[in-house]
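Biologist: Could you take a close look at one part of this model for me, namely how its domains sit relative to each other? Once that is clear, carry on to whatever else you can tell me.

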Number of protein chains: 2
Amino acid sequence: MPTAQYRPLDTGHGRPAQSSVLRGAHGGKLRALCPKTANSRRIFVCVLLLMMLLVYVVWCAVANYTDDGRADTYTTSDLFDSKQTTELPSISCTESFVDTRLYIQDKSRQEWNNLSMIYFVTPTYPRREQVPELTRLAYTLLHVPRIHWIVANDYNACNPYLDILLNKFGIPFTHLSSPMPERFHNSKSKPRGVSNRRAAMQWLRQRNITSGVLYFGDDDNTYDLKLFSEIRETKIVSMFPVGLIASYGISGPVVRKGKVVGFLDSWVAGRRWPVDMAGFAVSLAYMAEYPNASMPFKPGYEEDYFLRSVALTLDKIEPKGNNCTEILVWHTQTKNHPREAVKISQEYLDNRSNLGALFKALNEMGVSEACEEEGNKAIISSNGKAKALSYYLS
Amino acid sequence: MPTAQYRPLDTGHGRPAQSSVLRGAHGGKLRALCPKTANSRRIFVCVLLLMMLLVYVVWCAVANYTDDGRADTYTTSDLFDSKQTTELPSISCTESFVDTRLYIQDKSRQEWNNLSMIYFVTPTYPRREQVPELTRLAYTLLHVPRIHWIVANDYNACNPYLDILLNKFGIPFTHLSSPMPERFHNSKSKPRGVSNRRAAMQWLRQRNITSGVLYFGDDDNTYDLKLFSEIRETKIVSMFPVGLIASYGISGPVVRKGKVVGFLDSWVAGRRWPVDMAGFAVSLAYMAEYPNASMPFKPGYEEDYFLRSVALTLDKIEPKGNNCTEILVWHTQTKNHPREAVKISQEYLDNRSNLGALFKALNEMGVSEACEEEGNKAIISSNGKAKALSYYLS
């Protein structure tokens, strides 16, 4: 997601220093320093020009440095070096190609069989909100015919709880374990979701899936059902506005006479494709022509470099959503709260009450954890008064 | 929602002062102040006792003051005075009893006809995230048979955009305009959602709806579909755990031998029913016996006083979700961002491009607004460079 911290140095930065030099030239003290002879004047001008050249070179170098993202832990080789992801290879945990739904929207499932498939890639990571987010998203996807949900989890193992959860919905799905490379764990701005999406692309290639549409849909976004019927017909790359992005509340293509001519997005930063991850879909037939298509580990530039890697040009873009006048996807964000421990003695987590099974479920879902020694002391009350646990359970 | 700011004075507050007095009594200086004769000693003890009594009385008064909520703008009469809400009466904007869905889950709609009705009350208020939140929630509710969605908007008029939106889904619904009384607009902690839920209850009474189940479901929560089949059979009041509440990550009943015996919730604060708004459902047949059932304008105490107003007792509670061991509803919260203006000249919002229609839609949905004079300047870029709007549009 584009955030202010990746903005390259503003091109106006040089101006204040320059103008103060000009102001100084009008002052009396500087005039005294002026060379008196014609020769020394010539030398002075040369030195001045050389200094300006030096300043310009240094400035360009600094600007490039920031633009390449080398200031952080990212190297240029990170951009597309797929070998780097093998630090911790992604694993395909479960694949299910069976659609158990009988009816989708107002038709039986069979009636939709002629539609092309949408591969909906959802990067996710373990946190308190993971299970509800995936549940809520699943209830939207349940209305979508011909969809394969690729859930790529930023975790170094297959989470059996996620498998059970995803299986329950009846949507065809693939559960991948795709941890972020270790070297980014301590970086200020983590390239979240990249190894997940790379793993999904790898999975599609390994299975030689070269028809249908690829869409990157985060677990906390909101999708209008119309989005799916719009992107399903993508020939090359389709684009559409995304609501709730940054200060404008919107990011999306500017369309004139049915053609995309530019982009409305408050953060340009040299991005040729200043779009949100949820703002485009790609045909897999088209992607098959670019076997090296990938996504960089460079926060803020994932979309841009991915679209560069499939050799996108303005004329290839298909505007959707009534020529980009409708908002069919929203960058809704869910508040994150850290996982906390609840201090409760193990002796109360037996079958005398629901507490044992409840905390077992909470732990499996990564919501909270019952601890003997630390955490927020478990308070149980009745009639407005907290009492010792033994009062209820002994 | 219970938050720390409503916590009454902690009962342990007196302790540090007391112990410092004790420490003082061991010091040399205080000993010098001790009365020497028996009579003066008796007077000294009496004065000491009187002072302690005074401290106790003052402390009790302060505690009561906070507990009653009189410290804020709330008066005791607010608690259930329904006349107060007539400051700005709620309006029923649109009612639709038609269910246009053909299939729900894996059955035709008719097959569900014998189920009792769930009245799902959603308080909402105008903000950037309102349209996506209601859209996402609707896609969950679309899977629920026999539901009537009461959407009560904290706005002093009927919002036509909401009407069109709600109509689109095909779920029976009622759109109410139910603004919060003016006098709370400047209060520190606004009693949000109260006039909305009161309006919904008033609507149910006016239509003499005395069968089915009432459930208060906020627009940003996440609901497992199993929740609906569980609460549908509520005879009096059913209760179940709510995930992601405060520090425990959970709030819910403690169940022993199939009976609710207490509540696990980190914030007690004298609440007889320390539960979340999404943690219970009420039978409308039962509620009909309590025509004065209402909800107070008292942040943090809405659930408690509402359940008191229907004369709830522990033995009336029906635990759901496999004896309160499953989490079927989550208090997911969406990040709120303020609505901002986008600075763009009106001349570019014509039919030369999609920008006119796009900003019209954004304005109707309350996301952002195009302004001539102020706001974040609209940047349109192509090939990584921002250019003047006239470049694209003239």
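Modeller: Between the centres of domain 1 of chain A and domain 2 of chain A, taken over C-alpha atoms, there are 39 Å. The bounds, 91–330 for domain 1 and 340–392 for domain 2, come from an automatic or database domain assignment. Before going on: this is a predicted model, where local features need pLDDT of at least 70 and side-chain atom pairs count only at pLDDT 80 or more, while totals for chains, interfaces and linings use all residues. Residues are numbered from 1 along each chain as its sequence is written, chains are lettered from A and ligands numbered from 1 in the order written, and side-chain values use heavy atoms, with hydrogens and water left out.

Back to the domains of chain A. Domain 1 puts 4 residues into the contact and domain 2 puts in 5, with contact meaning heavy atoms within 4.5 Å. The buried area comes to about 450 Å², with 53% of it from carbon and sulfur atoms; that is the accessible area (1.4 Å probe) the two parts lose on being put together, summed over both. On the domain 1 side, A:R128, A:V131 and A:Y161 supply 88% of what that domain buries against domain 2, more than any other three residues. As for salt bridges (a side-chain nitrogen of Lys or Arg within 4 Å of a carboxyl oxygen of Asp or Glu), the count between these domains is 0.

Staying in chain A, UniProt's unreviewed entry puts an "active site" at A:E303; such annotations may be inferred rather than shown by experiment, feature names are shortened, and positions are given in the numbering used here. A:E303 belongs to helix α9, residues 302–309, helices being DSSP runs (H or I, at least four residues) numbered from the N terminus. At 2% relative accessible area, A:E303 is buried (under 20%; exposed is over 50% and partly exposed in between, with a 1.4 Å probe and protein chains only). Leaving out residues up to four places away in sequence, A:E303 touches A:R271, A:V275, A:D276, A:M277 and A:F280.

Finally, helix α11 of chain B, residues 355–364, has as its buried residues B:L355, B:G356, B:L358, B:F359, B:A361 and B:L362. After α11(B) comes B:G366, with a positive phi near 75°.

How values were computed: Helix = DSSP H or I, 4+ residues; strand = E, 2+ residues; numbered from the N terminus.
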